[in-house]
Protein chains: 2
Amino acid sequence: MPTVDDRRSEPAPPGDTDLDARKAAILTAVVTEYIGSAQPVGSQHVVEAAGVSVSSATVRSDMAALERDGYLMQPHTSAGRIPTDKGYRFFVDHLGGTGSLDPGGRQQVRQFFDHAHGEIEQMLERTSGLLADLTDCTAMVVGPSHESAAVRSVQLVGLGHRLALVVVVLADGAVRKQTVELPEDADEAVLSEAGGRLAAHALGSTLAEVGNVVTPSGHPKVDAATAAGVAALHDLVEADGGDQLFVGGSSRMAVAFDAVDTVRSVLTILEQQLVVVSLLRDILDTGLTVAIGTEHGIEPLASCAIVVMPVSVGGVEAGTIGLLGPTRMNYPLALAAARVVGDRLGEHLGEASR
Amino acid sequence: MPTVDDRRSEPAPPGDTDLDARKAAILTAVVTEYIGSAQPVGSQHVVEAAGVSVSSATVRSDMAALERDGYLMQPHTSAGRIPTDKGYRFFVDHLGGTGSLDPGGRQQVRQFFDHAHGEIEQMLERTSGLLADLTDCTAMVVGPSHESAAVRSVQLVGLGHRLALVVVVLADGAVRKQTVELPEDADEAVLSEAGGRLAAHALGSTLAEVGNVVTPSGHPKVDAATAAGVAALHDLVEADGGDQLFVGGSSRMAVAFDAVDTVRSVLTILEQQLVVVSLLRDILDTGLTVAIGTEHGIEPLASCAIVVMPVSVGGVEAGTIGLLGPTRMNYPLALAAARVVGDRLGEHLGEASR
DNA sequence: TCTGGCACTCCACTCTAGTGAGTGCTGGCC
DNA sequence: GGCCAGCACTCACTAGAGTGGAGTGCCAGA
């Protein structure tokens, strides 16, 4: 291998493997085998797997080398090898290929989006179920952020005695609402007038941009209602609490792990919307598509891997898809499913908001 | 005990126990002990527990009788006793007392509702978290059913090229939306006119009552948009798919059970909104507050108990609270928490919708 | 450089007591 | 008749010994 020295001198050339073809094949075999069986893989199994045509002794020495280099580990002496996080990482980066959905899965995705219609939230919720079904992972779908969407309509609807509802429609079709307690009773006419002034005030800007000051109308009741409406708009910005998260197939975590406390800690994480959303964001920000084991820095998820896929509509990011599974998850399948569903979701959202 | 004979002659008088005081005390001790430790309870432990001052031999013979009568069972010979579903049932009906929240819990509930405001959905979601925290059970909160709420406002908001959003506000403050594809392009004026006609058509009736036929305006574009809006209103009734469900603290199931496949099957059930909602409804319909073990007929939940509490606003049912835990859940605590939170939630919803 | 062979390791499983918590029963006492 | 001390018995659980087998590392030879 005369090229090894050349390679080592280069600073991590892109696409380079650092492993000769046979070691790569062996690593591939160990990873795929282990993903399937969850059992440590011995040299004999590797030989039986396709792609390697040397004796088990040779495989053994290569596996020893792979272990020295940190790609594999042994649970104990005289057991087979299992991939380390580094091993999975190498597999994902260089060996896994793009993978593709099986025809059945493609069909399922196509049908899903052909029949998808109606409310976006419901659709995202179902998308998470679809992804979970396709991959046997827990799926997370983060809806489009409405931060930059302009206000398309504001309405003030009376609900009875001193109570009203501010209903805001954003340009991307999102609807926000907030109850307002009015300082004094107001009739339809007042509410309608105040709603109109509110609309004139907020239309075209984003929720966060809505200013505080509204020019007085001369009518105190209307002004009071308008002021209450403006306050409600500001409440909306805060209460919104970031993006919506839809989690599907959390029961899959209980299938993937047999230690019940692993399941518990993972579920605990999944219950914290904020944590999950920022986790996905962090992973994307570091430029990753897959975060394996400790790469994401959340300790209770050390035995998990996360596949992240941005959903973009016309080049603008409009959401995120995440798949959570054990580190021995089926990466090619998960990546393929995330990509396909992400693309289709993007198209779908694009159609809906054009 | 001179009264015992009197009682026995009456046909199942309400509040009657069917068990003499000592057996009841023993059953109570077994249930509370088992709830705490999850270990089969032996006669010695019962003696040490308060309320029983006879020898362990006597307790043993009583326990044998309780087992004969189906209140207790032995996992195997020479093990202690654990309560059967019937034992739990008797405990809940006659022995558990009403129970009450500890001061810390009361405080937590008070604070929660003092600070609760804003969107109702978000509030219900958080309520499920509160209940899970209080009881260490998985909490389910079903939102108010909007079926009987009259339409308070209808609006047609254009989202661009042939797309519009029908936004419906119901009298109870719920907001529904549905995207509509218009048969042809429509400008603001047309949408506004169509929205007005839609509103006049639907205002005051419930969504389900909205009729099909709208009197023509003479303007084909307006009529087309109006028709599309009416269709969207009908879609809403179907797509709504019943009530909203909020599940909190599903990780608690992984704490309660040590068999990972029990956890999995319970989580699988919890993912099916429809199943959960109708489950709670069924239990309420049979007049129960607690469904223990197989009483609810859902096989995978045979080792679970469910506490249900209707939430009523001014006497009208406006939602449901459910607590899901193992059959050895802390019934007094769960019942107390469900009652307190249910009441406060009802008051809160009442204030908001008055 | 690869391979067959060999000695070695150590988990997983089975089998065998031994232990202890718990029971049912019985005969005597109040 | 109800209660209780004592006793024999049951059976899950644990620890320890033995065994089989999957797997390893190393080495000598092609």
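Biologist: How far is a phosphate oxygen of DNA strand C from an N or O atom in the side chain of A:Thr58?

Modeller: This is a predicted model, in which local features need pLDDT of at least 70 and side-chain atom pairs count only at pLDDT 80 or more, while totals for chains, interfaces and linings use all residues. Residues are numbered from 1 along each chain as its sequence is written, chains are lettered from A and ligands numbered from 1 in the order in which they are written, and side-chain values use heavy atoms, with hydrogens and water left out. A polar contact is a pair of N or O atoms within 3.5 Å; within protein, one must be able to donate a hydrogen and the other to accept it, and residues adjacent in sequence count only if both atoms are side-chain atoms. For A:Thr58 the distance from the side-chain N or O atom to the phosphate oxygen is 2.6 Å.

Biologist: How do the residues of the surface near DNA strand C divide into nonpolar, polar and charged?

Modeller: A residue is near the strand if one of its heavy atoms lies within 4 Å of it, and 20 residues surround DNA strand C, with B:Ser43 and B:Arg81 among the closest. Ala, Val, Leu, Ile, Met, Phe, Trp, Tyr, Cys and Pro count as nonpolar, Asp, Glu, Lys and Arg as charged, and the others, Gly among them, as polar. On that basis the surface divides into 5 nonpolar, 11 polar and 4 charged residues.

Biologist: What area is buried between chain A and chain B?

Modeller: Taking contact as heavy atoms within 4.5 Å, 44 residues of chain A are in contact with 44 residues of chain B. Buried area is the accessible area (1.4 Å probe) that two parts lose on being put together, summed over both. Carbon and sulfur atoms give 55% of the area buried between these chains, which is about 3,500 Å².

Biologist: Which residue of chain B meets A:Lys177 in a salt bridge?

Modeller: A salt bridge is a side-chain nitrogen of Lys or Arg within 4 Å of a carboxyl oxygen of Asp or Glu, and the count between chain A and chain B is 2. In the one that involves A:Lys177, the N to O distance is 3.1 Å and the partner is B:Glu121.
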